[in-house]
Structures are given as C-alpha cells and as structure tokens.
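Trainee: I want to learn how to read a fold, one feature at a time. Where do we begin?
Mentor: With the strands, then the helices, then the backbone angles.

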Amino acid sequence: MNKPSILLADDHTLFVQALHNVLEPEFTLVGEVGDGRALLEAAPRLLPDVILLDLSMPLLNGIDAAYQLRRLVPASKLLFLSMHGDATYVTEAFRAGAAGYVLKRSTATELLQAIRAVLRGQLYVSPMLAKDMLDPLLHSKRSLTAPQKQLTIRQREVLQLVAEGRSLKEIATILCVSVKTVEFHKTRIVKQLGLSTTADLTKYAVTHGLVPA
C-alpha cells in the first residue's frame, strides 16, 4: 500500500530537515520548496495528497498561495504549520482553503494526528488555539482584515514584494508583467489603503502577516 504523499513548503531549512525525521516513517515526501511561488510551480507537477505549508514565506505568503492552490490542486489537502497563533491568521487560512492549522510549537504526535485527520477529510485546528474564538470568525461575513481583503490577489502579491524590499523591476520580473503594471498596482494599493510611503506599505504588510516581522 502506497504511503500518502506530502509536499513541504517552508523557508526554514533546519525545521524542514527535522520534519523529515518525523514524517518519513509514515508518509512519502515528494518535495520541498522554500517560497510561495516555487510552491505554485511544484504542487501541480507533484500532485501531493497533503501540502504542509508555512504562513510566512518569501515571494508569496502561504495564505495567498493557498487561494491559488485551491484552483491548481483542488484534491490536495492544505495544512498550515505556523508560528502564528493569532485568530486572524487562522481564520484567513481557512478562508483561503486550509483543511488544518497546527502551531510549530506543537508536538510531533499532534502534527501526525493533524495530517491523518485532513487525509480523512476532516478539518483540524491545534488544541492550543482557542477554538471558541474561531467559530464566530469563520461564520462572520466581515473579515477582521477588511482593508487587506479589499485588495485583489495581484495587489497583495505586489504589496508583499514591495515590503520585501524588491525594486519595481524585480517585481515585474517575478510576476511576469511590465514595470508600468507594477507601478499601477502600487499606486492603487497606496490609494486604497490610505498610505503614502513605501515604509507605510511595509509596516502594513508586516502587521497583516504578509511578511515576517
């Protein structure tokens, strides 16, 4: 009987190496990537049963990657493994298509339980998170990150890359668009969020989890 397959997406090399020891006895690790854009390229090619992904990743964060993965690999289960325990991040992850959310400080036993649960088609939330906080959030029509949600996926992509300190030319290359297009999106973002400088955009991106603090 074939083992379920897992694709790892995390930019912390030592952490990923440690995951190998935990997962390999029970699952087949089909690949590992270090940023969100590499994840979007690898997932349709590898078609894993489970994608274990971090929330904060270079080039494209886990939540925005999840929105695209839901379309690219609808059969793959998305399980977030993150250091962020804030209910806002957890809620956004489930809205983006997560099947589970586990904190990085959880035990190896809990991680294995979470993977088995999502493979059975169940939702899993780490017991260390306040479950009673999540239900009203998941069923609320209003997002806690309302201004951010008003941005399009492309605008969020541009915002993250600006906050990572990349030039307009670098962003254009990464997104395969023109510099003028990037400038257009940046101008729209500034206007929609009511901000005025790149420093303001960076602070906003950090506050809303698009890039690590």
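Mentor: Strand β1 and strand β3 (residues 50-53) run parallel, and four bridges join them. Keep in mind that this is a predicted model.

Trainee: What holds strands of a sheet together, in general?
Mentor: Strands pair through backbone hydrogen bonds, and the pairing is either parallel or antiparallel.

Trainee: Which residue of β3 is the bridge partner of Leu7?
Mentor: Ile51 is that partner. Next, take Leu8: it stands opposite Leu52 in β3.

Trainee: In which sense do β1 and β2 pair, and over how many bridges?
Mentor: β1 and β2 (residues 28-33) pair in the parallel sense, over five bridges. On this side, Leu7 has Gly31 as its bridge partner.

Trainee: Which unit do β1, helix α1 and β2 make?
Mentor: A right-handed β-α-β unit, with α1 spanning residues 13-23.

Trainee: What is the strand order of the open sheet?
Mentor: The sheet has six strands, in the order β2-β1-β3-β4-β5-β6, and the pairing is parallel. The edge strands are β2 and β6 (124-125), each of which pairs on one side only.

Trainee: Which strands does helix α5 touch?
Mentor: Helix α5 (residues 108-119) packs on the sheet and touches β1, β3, β4, β5 (100-103) and β6. Its direction makes about 160 degrees with that of β4. Helix α3 (residues 62-72) lies across β3 and β4 (77-82) and runs at about 175 degrees to β4.

Trainee: Back to β1. How many of its residues are buried?
Mentor: Five of the five residues of β1 (residues 5-9) are buried, so the strand is largely enclosed by the rest of the structure. Check each face separately. Ser5, Leu7 and Ala9 are buried on one side, and Ile6 and Leu8 are buried on the other. Both faces are covered.

Trainee: Now a helix pair. At what angle do the axes of α8 and α9 cross?
Mentor: Roughly 135 degrees, and the axes come within 10 Å. Here α8 covers residues 153-163 and α9 covers residues 168-175. The two helices are therefore oblique to each other. Their crossing is right-handed.

Trainee: Which residues of α8 and α9 meet?
Mentor: From α8, take Arg154, Glu157, Val158, Leu161 and Val162. They meet Ile171, Ile174 and Leu175 of α9.

Trainee: Where is Leu59 found, and is Leu59 buried or exposed?
Mentor: Leu59 is in the loop between β3 and α3. Its relative accessibility is 16%, so Leu59 counts as buried; the cut-off for buried is under 20%.

Trainee: And Cys176: where is it found, and is it buried or exposed?
Mentor: Cys176 is in the loop between α9 and α10 (179-193). Its relative accessibility is 70%, so Cys176 counts as exposed; exposed starts over 50%.

How values were computed:
Residues are numbered from 1 along each chain as its sequence is written. This is a predicted model: local features need pLDDT of at least 70, side-chain atom pairs count only at pLDDT 80 or more; totals for chains, interfaces and linings use all residues. Side-chain values use heavy atoms; hydrogens and water are left out. Buried means under 20% relative accessible area, exposed over 50%, partly exposed in between (1.4 Å probe, protein chains only). Two strands pair if DSSP finds at least two bridges between them. A crossover is right-handed if, with the strands pointing away from the viewer, the path from the first strand over the helix to the second runs clockwise. Axes are lines fitted to C-alpha atoms, for helices over the stretch in contact, and angles run from 0 to 180 degrees between N-to-C directions. Angles under 35 degrees count as roughly parallel, over 145 as roughly antiparallel, 65 to 115 as roughly perpendicular and the rest as oblique. A crossing is left-handed if the near helix is turned anticlockwise from the far one by less than a right angle, and right-handed if clockwise. Contact means heavy atoms within 4.5 Å.
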